[in-house]
Amino acid sequence: MARFGMVIDTVRCVGCMDCVVACKTENSVPEGFNRDWIAYDVTGKYPTPHMEIRSERCNHCDAPPCVSCCPTGASHVHDVGGVVLVDADKCIGCKGCVASCPYGARFIHPDGYADKCTFCIHRVEQGLLPACVSVCPTRCMHFGDLDDPNSEVSTLLASRNHHVLQPDAGTKPRIFYLT
Amino acid sequence: MSDFSRRKFLKISAATVTVASGAAALAKGQPAPAKMASRPAKGVQRIPTYCDICFWKCGAIASVRDGTLWKIEGNPDDPLSRGRLCPRGTGGIGAHFDPDRLKRPLIRKRERGHEEWAEVSWDEAFAYIARKMHAIRETYGPESVAMFAHGIGGNFLKHTLKAFGTPNFAAPSFAQCRGPRDVGFRLTFGEDVGSPERTDIKNAQCLVLIGSHLGENMHNSQVQEFADAVGNGATVIVADPRFSVAASKAKHYLPIKPGTDLALLLAWMHVLVEEGLYDKEYIAAHGFGFDQFAARIATCTPEWAYPETGIDPETIRTTAREMARHKPATLVHPGRHTAWYGNDAQRSRAIALLNALLGSWGHRGGFYAPSSMDVPGYPYPPYPKPAKGKVDNPDNRYPFAHEAISTGIREATITGAPYPVKAWFTYATNLIQALPNQAETIKAIQNLDLLVVVDVVPSEMAGWADVVLPEAVYLERFDDLNVELFREPFVALRQPVVDAPDDQKPNWWMAKKLAETLGLGHYYPWKDIEEYLDHRLTAARLSFADLKARGIIRGAPQPTVVEEGASLSFETPSGKIEFYSLQLEKAGFDPVPVYHRPDEPPPGSFRLLTGRSPVHTFSRTQTNRILSDMMDENEVWLNADMARRMDLKSGDYVCLKNQDGVVSNRVRVKATERIRPDCVYMVHGFGHTARGLRHAYLKGASDSQLVTRYATDPLMGGTGMNVNFVTIEPEATHG
């Protein structure tokens with residue numbers, strides 16, 4: 001079975017937010033909310049600061065705390081690609097998952113359920129890339145099967161330095177940032 | 001920006017119980033879904049068109065789902081977008097759904113400056129305009145009508161006004177933006193870099209950016225190629241008072257003192273000449289006046305430039321050598337918004353000369369030779385010959401201005417010299433935010449007998465109009481063909497994807513109706529724009545039906561660089577690259593650029609610098625609910641140490657007060673390690689004061705309001721706008 005993940009090249013990314021806009025239109029994310037966002041990580045002092053720009057979203061963790069804490073089973077691991085999803089009909093909007101996520105990836109949709117990135121599973125199941133990946137003008141985003149050693153994502157991880165967000169949280173995130 | 005959107009994201013998630021449900025649609029309060037009567041309502045239709053959120057005009061494919069506009073993506077056949085739009089283009093559907101849009105034609109009810117109008121029919125609006133125009137023609141002549149336009153959509157209205165008999169057409173994109181660059185390059189190479197720029201960024205091995213903030217300035221093809229160059233390991237050198245996104249990708253970041261770029265450029269050229277690192281063969285074949293040029297820059301050593309620029313001599317030498325190492329694939333980017341300090345054409349000429357030393361003009365990784373499709377214009381009847389010359393540049397005061405100077409028309413409107421200007425038409429340009437010194441713009445407007453504003457939203461400019469004509473947004477209209485010079489020839493079609501939700505009309509329809517009302521109907525021999533487009537395409541042996549289906553038709557690629565067989569020629573007086581310019585000398589200007597030290601900010605003041613955000617275009621997209629969700633107000637960037645000293649932190653609201661006492665709307669501080677301590681920076685386009693822009697009203701600060709001073713470029717009339725100084729005031733002092 002595939003294990004979907006993303007590899008994002010921070011060297012190419014300019015933080016233009018096209019990924020955020022594309023997610024919004026593709027998934028009709030309501031005004032005032034976004035399922036993904038850009039982080040500008042600035043360290044050091046002027047005139048020699050360092051900045052890493054990252055497109056961030058749900059990490060679709062291998063050990064997702066949002067799933068283990070969900071009282072109704074609404075938060076679950078999908079059988080295709082191991083994507084973490086929310087069944088809106090089962091969700092009671094208790095916000096336990098929102099609090100449990102170390103990445104701040106979830107919010108409560110105005111219709112009352114927990115919402116977040118789905119890796120655009122509706123597109124992926126049609127053989128398309130997630131909307132954010134497909135629009136990125138810098139082509140800094142890659143999506144694929146982490147368990148397939150020949151996939152683009154696996155090859156990139158094998159050949160480039162990379163890191164994940166908050167590795168100490170024990171969540172085993174599946175979004176990797178190339179540096 | 002991202003920090004902000006993330007903060008908002010979290011804040012709102014915590015407060016969802018108070019948010020009304022039923023907001024599944026993209027924008028609260030959006031109009032009923034617009035439907036194309038002629039298209040089936042069920043399923044997804046994909047309709048190709050080209051974008052209009054900026055002037056880049058990327059090819060796009062819009063998706064309509066069950067009759068409602070859903071999303072818009074890049075057209076894979078389009079050489080500009082290469083199948084990927086920028087965030088503004090992707091968010092373009094928000095323009096259609098914008099609840100703040102103009103809906104019907106308006107005629108002013110009260111004196112100008114009060115946003116009070118009566119809704120009228122289109123016929124009433126045209127009759128009113130025609131009556132005023134006839135009276136102006138009677139008293140002053142048809143030349144007393146002027147038009148300001150931005151973008152391809154102005155073509156038809158321009159045609160109507162040419163038929164009326166005026167020669168006065170200007171775009172702020174010249175004197176307020178790219179004009180100095182174009183003049184500097186023309187004086188040197190005999191040609192300018194055009195738009196889209198002929199920069200071969202993707203093949204550059206060394207890319208030098210001087211204040212150009214690619215990635216924030218989101219010109220799609222250029223940003224895509226920038227990422228390619230960075231991904232390929234190109235050496236990036238950035239000189240900017242601000243640690244831009246591009247600077248974060250740079251091997252060498254030069255934190256230059258604002259206004260001293262020309263000193264750096266001269267010193268770089270000095271090193272290349274002194275150390276014999278320039279392309280000698282190229283210059284022997286194509287250069288004119290090199291020895292005189294070399295003599296003139298002999299004193300411009302890195303040691304001379306150091307106290308001016310703050311860049312140490314060793315860094316200047318290292319970076320110059322790095323440029324030489326990669327020549328001719330070293331691209332010193334010409335920039336785009338170059339109206340900074342009033343010496344901008346000469347600074348741009350220095351950029352051109354630096355490129356010439358490196359041999360990059362005409363070579364791979366430098367500047368390529370673009371080509372376009374041969375699509376003849378429509379065979380209209382000849383226009384009447386205006387009795388008077390253009391009003392914007394009397395006595396050729398700015399001898400190297402090859403386009404009309406918008407601020408020159410404004411000046412003539414104020415002074416009445418060389419002759420009075422009594423009517424302005426503006427198309428898709430918000431002159432209150434685009435021109436420096438708003439008081440002068442308003443003074444000029446008050447001298448008019450007629451101000452007609454064509455726009456999609458009730459901008460500040462619309463607020464001053466006598467007649468407001470609401471245009472259908474690009475997703476709702478046909479437009480003229482896009483036949484642009486680029487890497488390869490192509491023609492692109494803009495066609496309607498959905499209906500306009502109210503009584504908005506396309507520009508071509510307005511222009512034709514106005515011509516008919518003016519008795520100039522014979523200038524529009526075509527019935528509608530489809531007939532016009534079909535005629536032009538047939539003349540080019542292309543199929544309109546084919547273009548409707550595909551959106552883009554590409555022509556045969558031509559050689560673009562010497563390496564592909566392109567040849568070099570220079571349309572300068574000498575027929576060569578003019579290192580020493582006799583035409584400048586003859587006109588009384590420096591034949592080789594000379595550095596002049598800029599004024600220092602007074603103690604306690606900061607130089608005001610401005611730039612772009614990737615999610616907004618000028619002052620025209622702030623009510624687009626998708627794009628405003630990315631960024632709904634601007635911030636004032638302040639060096640973190642200065643902020644600490646002033647007891648300010650990120651998120652605090654302050655006001656900016658300029659040297660003439662003008663106080664801005666409140667704006668949030670961004671305390672950051674990404675800017676020098678002697679300047680502050682804002683993204684242009686915010687701080688709207690037009691009440692009709694409900695969503696953007698008084699959000700952030702307007703840099704335009706603070707630009708009361710400008711330095712005029714003596715070569716071409718450009719208005720350098722980085723010459724204003726501000727102090728940071730507590731929010732409370734602002735009334």
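Helices (H or I, at least four residues) and strands (E, at least two) are DSSP runs, numbered from the N terminus. The expected span of a helix is 1.5 Å times one less than its number of residues. This is a predicted model, in which local features need pLDDT of at least 70 and side-chain atom pairs count only at pLDDT 80 or more, while totals for chains, interfaces and linings use all residues. Residues are numbered from 1 along each chain as its sequence is written, and chains are lettered from A and ligands numbered from 1 in the order in which they are written.

Select residues 220-231 of chain B. This is helix 7, with 12 residues; from first C-alpha to last it reaches 16 Å, close to the 16 Å expected at 1.5 Å a residue.

Colour helix 7 of chain B by burial (buried: 20 or more other C-beta atoms, placed from the backbone, within 10 Å of a residue's own). Of its 12 residues, 10 are buried, among them Val223(B), Phe226(B) and Val230(B). The cover over these buried residues includes strand 8 and strand 9 (235-239) of chain B, with contact taken as C-beta atoms, placed from the backbone, within 7 Å.

Step past the helix to Gly233(B), which follows helix 7 of chain B and has a positive phi, near 85 degrees.

Next, show the sheet. In chain B, 4 strands form an open, parallel sheet in the order 10-9-8-12; two strands pair if DSSP finds at least two bridges between them. Strand 10 (252-254) and strand 12 (330-332) of chain B each have a single partner strand, so one side of each lacks a neighbour in the sheet.

Finish on strand 8 (residues 206-210) of chain B, which 3 bridges join to strand 12 of chain B. Here Leu207(B) stands opposite Leu331(B) of strand 12 of chain B.

Terms used
Contact = placed C-beta atoms within 7 Å.
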